[in-house]
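I opened my notebook today to look up a few spots in a structure that may be new to you. Come along, and I will jot down what I find.

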Amino acid sequence: MTKKHKPGRWILLGAVLAVTGLLAWRISGLMSASKHRPRMASTLEVDALRVARQPVPLVLHAAGVVQTHHSVAVRAQVGGILQQVLFNEGDEVKAGQLLFVIDPKPYEVQVAQAKGKVEEDKAKLASDEANAQRSARLVKQGYVSGQANENAAALVLQDKGTLATDEASLEQAQLQLQYTHIHAPISGKTGALAYKTGNLIQANDTTALVTINQISPILVQFDIPQSQIATLRRYLHDPALNIYVRASNGSLIANNGKLVFIDNTVNQNSGTLALKAEFGNKKEGLWPGELVHVSMQLTIEPNAIVIPDTAVQPGQQGNYVYVVDNGKVKVQDVTVQRQYQSYSVISRGLDTGDEVVVHIPRDLREGLAVRTRMLPEINIADADATATSTAPSASS
């Protein structure tokens, strides 16, 4: 017997299918709309700095070379065997200190011979003077002729001349004996020895026995372009004038140098003017012949606008920066007066409070809305204090 189905069951099944289809259609439509809906663009974030005025040094930079204040090549003034060397290579010596002794015996003999000759001359002079006095008395009595009396007087004069010559020879011999002891003419540091003990030394040899260089104080010579001469003269007596030097690796060697020499002529071949600065150098941070970088601070500009070099962009019409005004980027033309360290000193185009973009994103453009991440304000004074506090001063 065939089983009959109830019609209500079919109606329920149809309703479920209809609802399922409607839900599938709605979900598909939502997904399609989501796929074609435009996305919200995220706002670009930039690093910015608020412009402020502060003191900034005016500095001239140059390459320099360290020079000794005084250098002496010590040579022997008499020949002989080098008997003693009374210092070690590289020693610090004082002016007047005994350095070398050349065998004095041959010169002592010469002095003794010269003294003997002088004594002989003095005895002969005394005898001839007595004879001349007797001749002068006897000529009045007619016992001696006038010619004989004149000859006796002339012999005395001859003896005096001989004595004077031999006394000069004695002084020369004594001077030669003194030259066998060679003293330091200046205070300073000794270099390499050309001769060791036992060598035969020639008088006034072209090869010096040793060279002494004065290390403290010491000089640094450097040149500036002739275009900077007027600036130098303008600030020559400024109390902020300071000179400091750095090694080739950038480390500070000495500061508080004193300008002691300005050449009186511009070098026409190079178009530069030679200057010299003096440093106390008591700790011997500077060495003769050393190549150094010289920075001469002429003055301190009290209220300068300074921004990082990275913020300045070159353009066809000159330099410009990006500033943020009411959340949007604006291009601002600026005039760069000069550079100091990694900063640019701006003379026109910016004012206190302006927000300048420091690091420039690739897609930054005028009119773009941005969010600013404010960086700490620049403090040139702190940077300079850190840079110069690690070096000895000119008096050290």
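Predicted model: local features only at pLDDT ≥ 70, side-chain atom pairs only at ≥ 80, totals over all residues.

**Entry 1**

Residues are numbered from 1 along each chain as its sequence is written, and side-chain values use heavy atoms, with hydrogens and water left out.

I found H2 at residues 105-141 and H3 at residues 146-179, packed at an angle of about 165 degrees with axes 8 Å apart. That angle makes H2 roughly antiparallel to H3 (the word applies over 145 degrees). Axes here are lines fitted to C-alpha atoms over the stretch in contact, and angles run from 0 to 180 degrees between N-to-C directions. Helices (H or I, at least four residues) and strands (E, at least two) are DSSP runs, numbered from the N terminus.

I then sorted the residues of the contact of H2 with H3: 17 are nonpolar, eight polar and 12 charged. Charged covers Asp, Glu, Lys and Arg; nonpolar covers Ala, Val, Leu, Ile, Met, Phe, Trp, Tyr, Cys and Pro; the others, Gly among them, are polar.

**Entry 2: strand E15**

Next I visited Gln297, in strand E15 (residues 291-308). Is Gln297 buried or exposed? I noted a relative accessible area of 13%, so Gln297 is buried (buried is under 20%, exposed over 50%, partly exposed in between, with a 1.4 Å probe and protein chains only). Its side chain reaches the backbone oxygen of Ala240 at 2.9 Å. Beyond its neighbours within four places in sequence, Gln297 touches residues including Pro57, Val59 and Asn242 (contact means heavy atoms within 4.5 Å).

Thr299 also has its place in E15, and at 11% Thr299 is buried. Which side chain does Thr299 meet in a polar contact? I found Asp238, at 2.9 Å (a pair of N or O atoms within 3.5 Å, one able to donate a hydrogen and the other to accept it; residues adjacent in sequence count only if both atoms are side-chain atoms).

**Entry 3: strand E20**

Last, I looked up Ser347, in strand E20 (residues 343-348). Ser347 is partly exposed at 47%. Ser347 and Gln337 are 10 residues apart in sequence and 5.5 Å apart in space, C-alpha to C-alpha.

Definitions and conventions. Parallel < 35°, antiparallel > 145°, perpendicular 65-115°, else oblique.
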